[in-house]
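Here are some notes from my read-through, to go with the structure below. Have a look and follow along point by point.

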Amino acid sequence: MTVSLLFASGCSTDIKDIEKLSYASAIGVDYKDGKYHGYIQFIDFQSVAKTSDGMKTASRVWVGEGVGDTFEESFFDLYQTAQERIYWGHLTSIVISESAFKKGIKDFYDSVIRYYEFRLTPWVYGTREPINDILSAGGFFGQSPLSTILHEPKGIYSQSSVIAPIKLHRLIGQINEPGFTTCIPTLSLNKKQWSEKNKTEPKLMMNGAIFLKQDKFRSYIPIKELNGLRWLQEGTVRAGVSVPNTKKPAVQIVVDKPKTKLSLDKSSGDPRYNIDIKATAYMVNRTNKNLLELKQLTDKASEVIEEEIRSTLKTGVEKKTDIYNFEHDMYRNHYEQWRSITPDDTSLLKKNVIRDVRIHLNIEHSSKEKNSTIHKGD
């Protein structure tokens, strides 16, 4: 059977010296012109380990591309020029194009989980850009792509949480959960922000998310329209808020580890949710003398957060995407009500599905030992 042979380039019982193996660090899947395109990223491990003099050699990355009528065939096409047996146990990321998501990924993940070398822990990303460009992008200081968002997204997420990274086992679990809408971050290349010796260097960035429901593509939404997601998704670490708005900010605050609770309001005919958020925050920057009173600053910051939540909901309604997973919450906690709306999930894709947003924000300090710009009032 084809799937059982997907990643087997030789007898599985063969014992190979480590230098006689090629180690895949990332793979990519694209679908275009009626064909599947498979990609494999190899990294020179000499660029990862230090030499005897404590220095690292410059990063070297190889990206191969194979083509086939199926996902499996595209990788067998790559085996013809792989030179050595490919080992899959060190794979840490998977990049899937938007067109491949639209085609459907059930066959893809069904294949990869059957091969014994393949672990279920790689990070999964979407992209709307050429996959070979994504897999070829390097980090700083001549480091390998192992030091980029592609392989280590948690560092950036801990500083600025917008779209949570997701691993393969979580993705597989979520697309098999009733009523669950899965959010997969998308990668792109930023070719403007960074340069070395006045020569621009493209760097990876998360630019949005692809949403699936039960393996079916729902939408792509750019990151600028997903600010509300960070307040409801589980695991948000740190979020920056410009008050009163991003165009004319008076104060920049940082919110740490917000805790959110959803509660279904059953008083009306249509299902509606109340949202309660508790969080601590601190001020990191002030550009003018507005919002000097602590209560005034807290109220304005809460208004900004609520506006982000409602704005992202509006985008989800327009894209027919349950960004906040209200349906799955209903399935888990209000099963009888969920059964009454299934299989029609459009009843939760309305702007008024959120009734009240109650934000309990505690701004503790201004990141200064002595602060004369915030007054607590009476």
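This is a predicted model: local features need pLDDT of at least 70, side-chain atom pairs count only at pLDDT 80 or more; totals for chains, interfaces and linings use all residues.

1. Start with helix α8, which covers residues 294–318. Just past α8, Lys-320 has a positive phi of about 55 degrees.

2. Now the aromatics: the count comes to 12 aromatic pairs. Take Phe-71 and Phe-108: their ring centres are 4.8 Å apart and their planes sit at 85 degrees, so this pair is edge-to-face, given that anything over 60 degrees counts that way. The pair ties together distant parts of the chain, with Phe-71 in helix α1 (residues 71–79) and Phe-108 in helix α3 (residues 106–112), 37 residues apart. Phe-71 and Phe-108 are both buried.

3. Those two rings also belong to a cluster: ring pairs link Phe-71 and Phe-108 with Phe-75 and Trp-88.

4. Another edge-to-face pair is Tyr-324 with Phe-326, at 5.8 Å centre to centre and 70 degrees between the planes. Are these two buried or exposed? Tyr-324 counts as buried because its relative accessibility is 7%, and Phe-326 counts as buried because its value is 0%; the cut-off for buried is under 20%.

5. Lys-167 lies over the face of Trp-123, 4.8 Å from the ring centre. Lys-203 has its charged end over the ring of Phe-140, 4.5 Å from the centre.

6. You'll find Pro-244 in the loop between β13 (238–243) and β14 (251–265).

7. Next, positive phi in loops. Asp-33, in the loop between β1 (21–32) and β2 (35–43), has phi near 55 degrees, a positive value in a residue other than glycine. Asp-33 is exposed, because its relative accessible area is 79% and exposed means over 50%.

8. Gln-214 is another non-glycine residue with positive phi, near 50 degrees. Gln-214 is placed in the loop between β11 (203–213) and β12 (216–222). How exposed is Gln-214? At 31% relative accessibility, Gln-214 counts as partly exposed, because that class runs between the 20% and 50% cut-offs.

Note on methods:
Residues are numbered from 1 along each chain as its sequence is written. Side-chain values use heavy atoms; hydrogens and water are left out. Helices (H or I, at least four residues) and strands (E, at least two) are DSSP runs, numbered from the N terminus. The expected span of a helix is 1.5 Å times one less than its number of residues. Rings of Phe, Tyr and Trp (its six-membered ring) pair if their centres lie within 6.5 Å; planes under 30 degrees apart count as stacked, over 60 as edge-to-face and the rest as tilted. Buried means under 20% relative accessible area, exposed over 50%, partly exposed in between (1.4 Å probe, protein chains only). A charge sits over a ring if NZ of Lys or CZ of Arg is within 6 Å of the ring centre and within 35 degrees of the ring normal.
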